[in-house]
Amino acid sequence: MIKVYRGKESILISDGEQVYEHASFSFDQLFRASNPKTVLEDAMREGTPVSAEALNKPNWLPPMGNQEVWAAGVTYFRSREARMEESEDAGGDVFYDMVYEADRPELFFKATPARTRGHGAPICIRKDSTWDVPEPELTLAINSQGKIFGYTIGDDVSSRSIEGENPLYLPQAKVYCGSCAIGPALCLGEPPSKDTGINLTIRRNGEVAFEDRTTLHQLKRSLEELVDFLYRDNEFPDGALLMTGTGIVPSTEFTLQSGDVVTITIDGLGTLENAVA
Ligand code: DO4
Ligand code: MG
C-alpha cells in the first residue's frame, strides 16, 4: 500500500518502510491521471528519502486538491433504520426505506475542499441543530475517467435534527463549514476486502462516550455501482472523492458536543481523529 500525506509545505509518500518528501506535488495531477500509481512512483523517484518519524505529525491537510466531495447514503441497513426512525414523525421514513431497496442509490453533494478538514483539525456542529453525529465512511478516490484508484477515511458529520425534520433539508444537514473530514492519507493499493473493519470511538472528557464497529460485509452496494451512478451524465475534470455511507449510527439519545474527540479507524487505511470545535 502506498500512502500520500499532505502537509502545509510538502507531501510525504510512504511505501512500506520507505518515506519520501516531495515539495511540489499536485493532487489534481494525480486525480487526472489515467494511471495515478505511476504519478506517485515518479514522485517517489524525484522525492527526498526521509525518516519514518516524519509521519508522526498531529495534523495533516485533507489529501486532495480541487476535488468535490460527494457521499452515498442509506447503503447499510443500520443507516436505513436510523433515518426511518428520525424522519417518521415528518412522514419521511418511506423514502429511506425505498432508497435502500431501489436500483438507484442516494448520492448527494457533501463538500468543497474549503469545507473539508484534515486529520487533527476541528470539525463543527451547526448552531441551529440539536442532534448531531459523526458518520465514519470508507471514502473512494476516483480519477477523472471514473476509475477508483485510492481509498481513505471520511467523516460525514451530520445534523440528525435537520435531516429528520424534512428530507428536503438534507443539504443543510450535510453541507456547512467543518462538516467533512478526510484523511489522514490517500492510500493506493488493493481494494479493501469485505472483512475490513470500520471503527468509531467518541471520547468525552477523556472517557469513551460511544464506540462501535462494522465491516464492509454490511455495505449493501458495490463500490463500482456507486461510482457508476455518480459519473452518469456528469463530468469531474479533477476527479472526485466519494464517501460510501455509514454503517454506524449512535443510538437516539446521543448527540455530539463541543470538545468531543471523534476517532475513526479503518483497517489498513489508518486513523482519522478530529475534535469537535
Ligand atoms: O439521507 C440521509 C443521509 C444518509 C447518509 O449520510 C449515510 O447513510 O451515510
Ligand atoms: Mg453519511
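Trainee: How many helices and strands are in the chain?

Mentor: The chain has seven helices and 17 strands. Keep in mind that this is a predicted model.

Trainee: What does the radius of gyration say about the chain?

Mentor: A compact globule of 277 residues would have a radius of gyration near 19 Å, and the chain has 18 Å, so the two agree. Along the principal axes, the C-alpha atoms fill a box of roughly 60 × 45 × 35 Å.

Trainee: What percentage of the residues is buried?

Mentor: Buried residues are 45% of the 277 in the chain. As for contacts with a separation of 6 or more, 77% of them are between residues 24 or more positions apart.

Trainee: Changing topic, how is the chain divided into domains?

Mentor: Domain 1 covers 2-55 and domain 2 covers 68-275. Their C-alpha centres are 26 Å apart.

Trainee: And how many residues are in contact between domain 1 and domain 2?

Mentor: On the domain 1 side there are 12, in contact with 14 residues of domain 2. Strand 1 (2-6), helix 1 (27-32) and helix 2 (36-46) each give at least two residues to that side of domain 1. Strand 1 supplies the largest share, four residues.

Trainee: What classes do the residues on that side of domain 1 fall into?

Mentor: Seven are nonpolar, one is polar and four are charged.

Trainee: OK, ligand next. Which residues surround ligand 1?

Mentor: The shell consists of Ala71, Gly73, Val74, Ser79, Arg83, Glu106, Glu135, Asp156, Glu163, Leu170, Gly245 and Thr246. Strand 5 (68-73) and helix 3 (77-87) are the elements that contribute two or more residues to it.

Trainee: Now strand 13. How does strand 13 run relative to strand 14, parallel or antiparallel?

Mentor: Antiparallel: eight bridges join strand 13 (residues 197-204) to strand 14 (residues 207-215). Within that pair, arginine 203 is opposite valine 208 of strand 14.

Trainee: What sits between strand 13 and strand 14?

Mentor: The two strands form a hairpin with two residues between them. In the turn, asparagine 205 has a positive phi of about 50 degrees.

Trainee: How many bridges join strand 13 to strand 16?

Mentor: Six, and strand 13 also runs antiparallel to strand 16 (residues 261-266). Leucine 200 has isoleucine 264 in strand 16 as its bridge partner.

Notes: Residues numbered from 1 in each chain as written. Chains lettered and ligands numbered in written order. Predicted model: local features only at pLDDT ≥ 70, side-chain atom pairs only at ≥ 80, totals over all residues. Pairing = 2+ DSSP bridges. Near = placed C-beta within 6 Å. Rg over C-alpha atoms; globule rule 2.2 N^0.38 Å. Buried ≥ 20, exposed ≤ 12 C-beta atoms within 10 Å, placed from the backbone. Contact = placed C-beta atoms within 7 Å. Domains from an automatic or database assignment. Nonpolar A, V, L, I, M, F, W, Y, C, P; charged D, E, K, R; others polar.
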